[in-house]
Amino acid sequence: MTERPTISAAAAAAPFRFQRSTIREMGEKLLGQSARRRSATIPTRLDLRASNVTVAYPNGHVALRDASLTLDGPTICGLLGVNGAGKSTLFKAIMGMVRPAAGEVRLGGHTVAEAQRLNWVAYVPQNEEVDWSFPVSVRDVVMMGRYGYMNGLRIPSAADRAAVEQGLRRVGMQGFVDRQIGQLSGGQKKRVFLARALAQDGRVILLDEPFGGVDVTTQEQIMALLRELRAEGRIILVSTHDLASVPEFCDQVALVKGTVIAAGPTETVFTPTQIARAFGASAAQQAAGQASVSLRPDGDGTTLVVAADGRVLGRLEPQGMPRQP
Amino acid sequence: MIEELLLPFDYEYMRNAMLISGVIGAVCGLLSCFVALKGWSLLGDALSHAVVPGVALAWILGLPFALGAFASGMLAAWFMGFIRRNSRIREDAAIGIVFTAFFGAGLVLLTLFPSNIRLRTIVFGNVLGIAPGDAVQMLIVAAGVLLVMALRGRDLVLWAFDPTHARAIGLDTRLLQTLLLGCVAAVAVAAMVAVGAVLVIAMLVAPGATAYLLTDRFGRMMAGATALGGGSAFIGAYLSYFLDGSTGGVIVCLQALIFVIVLVFAPQHGLLAARRARQRASHPAGSIA
């Protein structure tokens with residue numbers, strides 16, 4: 001924390017920045033790329049509108065039907081639902097990884113493709129999705145957040161380096177730049193990918209299971225960081241199984257079960273009745289003998305969400321109660 | 001003694017063979033990093049077999065054989081992808097069906113239309129007898145792949161590591177995949193000349209796998225694999241003069257030998273290093289001197 005080179009370096013580089021970008025534009029023209037991917041100013045009001053999105057996979061499986069979700073302005077929204085309910089499909093639709101068969105997603109009025117070009121869409125993957133033995137360092141990973149700003153050859157500029165440095169500092173990982181990513185703890189791994197989203201300056205940040213394999217301290221740090229990001233005007237969308245943490249940091253909740261069955265402020269949507277709708281088994285699933293979920297009151301005023309096999313899936317706490325470790 | 005060791009350099013066919021092998025080996029080594037990290041070994045093997053009918057057809061139609069081979073490889077890759085995307089067949093089964101079908105078709109074509117391309121040459125390679133025209137084709141392929149790597153290498157690394165992020169920042173991941181497939185198919189064609197269709201996959205896997213055991217940086221891995229692939233192919237071709245054995249066989253054996261040595265002795269990811277680490281973990285600090 002002793003050195004703060006970013007600000008001074010950025011200031012020193014400022015007179016050359018114009019020139020650099022001109023060169024970059026020339027390079028992009030030479031490489032046949034449009035002069036795109038410029039960092040845009042945060043619009044006065046960023047919103048996410050998914051309207052009547054239906055997604056069908058080539059094998060015919062309809063993963064999401066007529067799903068609508070509107071997030072008007074900066075927020076932290078928790079996306080809850082059982083596995084296979086369509087959470088990740090909704091994520092994919094927002095990230096442009098699947099093309100909806102019907103309906104559309106708009107981010108700040110832009111189509112997903114436009115938002116991608118503006119580098120608005122940032123993604124923090126689930127720990128299980130990443131190849132941790134891939135030969136990349138912490139710095140390499142965070143730098144990947146800057147690729148959208150670089151020219152076709154992906155040669156980092158001083159601004160890119162500064163953004164990487166700043167992102168790492170914000171998550172407290174500046175001391176680990178040269179580590180191979182597999183040689184980090186679960187929480188550190190999460191923070192590196194958060195730093196990548198920060199370096200990218202994503203406006204809509206999607207996090208998949210951000211608290212998987214993370215200790216309580218890191219969880220608190222991540223939550224604090226997410227609140228900061230919301231305050232900066234970003235939309236944070238979190239897909240999670242960890243019901244207990246939801247009331248603590250989500251101001252909105254969307255329940256997914258084949259479609260968005262309920263969405264809105266946490267106080268109104270994160271209720272035992274609604275959760276039971278999202279996590280309870282349908283008649284068809286019960287016929288197939290699959291596990292259902294029940295809610296049981298616990299001794300000290302909390303409600304447990306319990307699977308049919310007795311596993312406690314989560315704990316619903318009355319507002320204002322301290323969380324038990 | 002020295003004179004004897006320099007003997008292979010006196011013959012033009014040996015000089016050509018060593019140069020061509022070295023260049024192909026280096027390009028294969030570069031691509032082998034992606035093959036190793038994407039888990040494409042089986043796919044690479046399939047591509048190297050699927051080019052055979054293209055070679056036969058190109059000869060029948062009087063086209064450059066690299067062109068036919070490349071088209072045939074890409075068609076096979078497309079078929080595999082198509083089957084996997086649109087049916088419940090798993091990838092390995094799709095690969096197995098498509099590449100054997102292509103290879104079979106190639107054998108039929110080669111026997112129905114007896115040509116001056118001998119089956120033996122395709123299956124086992126014959127770098128010592130390479131025609132000057134073919135050598136030029138190889139060098140063009142190598143240059144093309146190097147150009148793609150220079151322009152799109154970083155995007156390919158990003159895509160190999162995290163396709164979701166690549167997609168989220170608006171990269172055309174389908175294009176990247178096609179590009180890498182194209183490169184693998186192209187060098188498979190080139191390597192077929194050096195070591196034959198059967199052994200191509202060794203050149204496309206071993207250097208990358210070896211370098212992967214030695215470093216945690218992609219840049220170094222690529223540099224190492226390129227040097228290793230190029231060096232071992234060059235030296236293998238050179239040694240085959242004295243051994244009077246199959247050039248392809250010598251190259252691949254040499255690469256396998258280096259891999260085994262590295263697998264055991266690699267400072268961090270080798271078997272011995274892993275054992276040391278286990279011992280350290282099971283004994284409290286200080287109990288071993």
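**A tour of chains B and A**

Keep in mind that the model is predicted.

Now select the whole patch: B:Met1, B:Ile2, B:Leu5, B:Leu6, B:Phe9, B:Phe234, B:Ile235, B:Leu239, B:Phe242 and B:Leu243. Together these residues make a nonpolar surface of about 950 Å². Two elements of chain B give two or more residues each: helix H1 (2-5) and helix H12 (218-243).

Next, pick out B:Phe9. This residue sits in the loop between H1 and helix H2 (12-38) of chain B. B:Phe9 has a relative accessible area of 31% and is therefore classed as partly exposed, the range for that class lying between 20% and 50%.

Stay on chain B and colour the stretches that UniProt, in an unreviewed entry, lists as "transmembrane region": 17-37, 57-81, 93-115, 135-153, 221-241 and 247-266. Two of them can be checked by their ends. For residues 221-241, the end C-alpha atoms are 30 Å apart and the span is 100% helix. For residues 57-81, the end C-alpha atoms are 23 Å apart, with 88% helix and 0% strand.

Move to chain A and show the strands. An open sheet of 4 strands runs in the order S2-S1-S4-S5, with antiparallel pairing. S2 (62-72) and S5 (110-111) are the edge strands; each has a single partner, so one side of each lacks a neighbour in the sheet.

Finally, zoom in on strands S1 (residues 47-56) and S4 (residues 102-107) of chain A, which are antiparallel and joined by 5 bridges. Select A:Ser51 and look across to S4, where A:Glu104 stands opposite.

Key:
Residues are numbered from 1 along each chain as its sequence is written. Chains are lettered from A and ligands numbered from 1 in the order in which they are written. This is a predicted model: local features need pLDDT of at least 70, side-chain atom pairs count only at pLDDT 80 or more; totals for chains, interfaces and linings use all residues. Side-chain values use heavy atoms; hydrogens and water are left out. Patches are made of residues with over 30% relative accessible area and no salt bridge: like charges are joined within 9 Å, nonpolar side chains (Val, Leu, Ile, Met, Phe, Trp, Tyr) within 5 Å. Accessible areas come from the Shrake-Rupley method with a 1.4 Å probe; for residues, only the protein chains shown count as cover. A salt bridge is a side-chain nitrogen of Lys or Arg within 4 Å of a carboxyl oxygen of Asp or Glu. Buried means under 20% relative accessible area, exposed over 50%, partly exposed in between (1.4 Å probe, protein chains only). UniProt positions are given in the numbering used here, feature names are shortened, and annotations may be inferred rather than shown by experiment. Two strands pair if DSSP finds at least two bridges between them.
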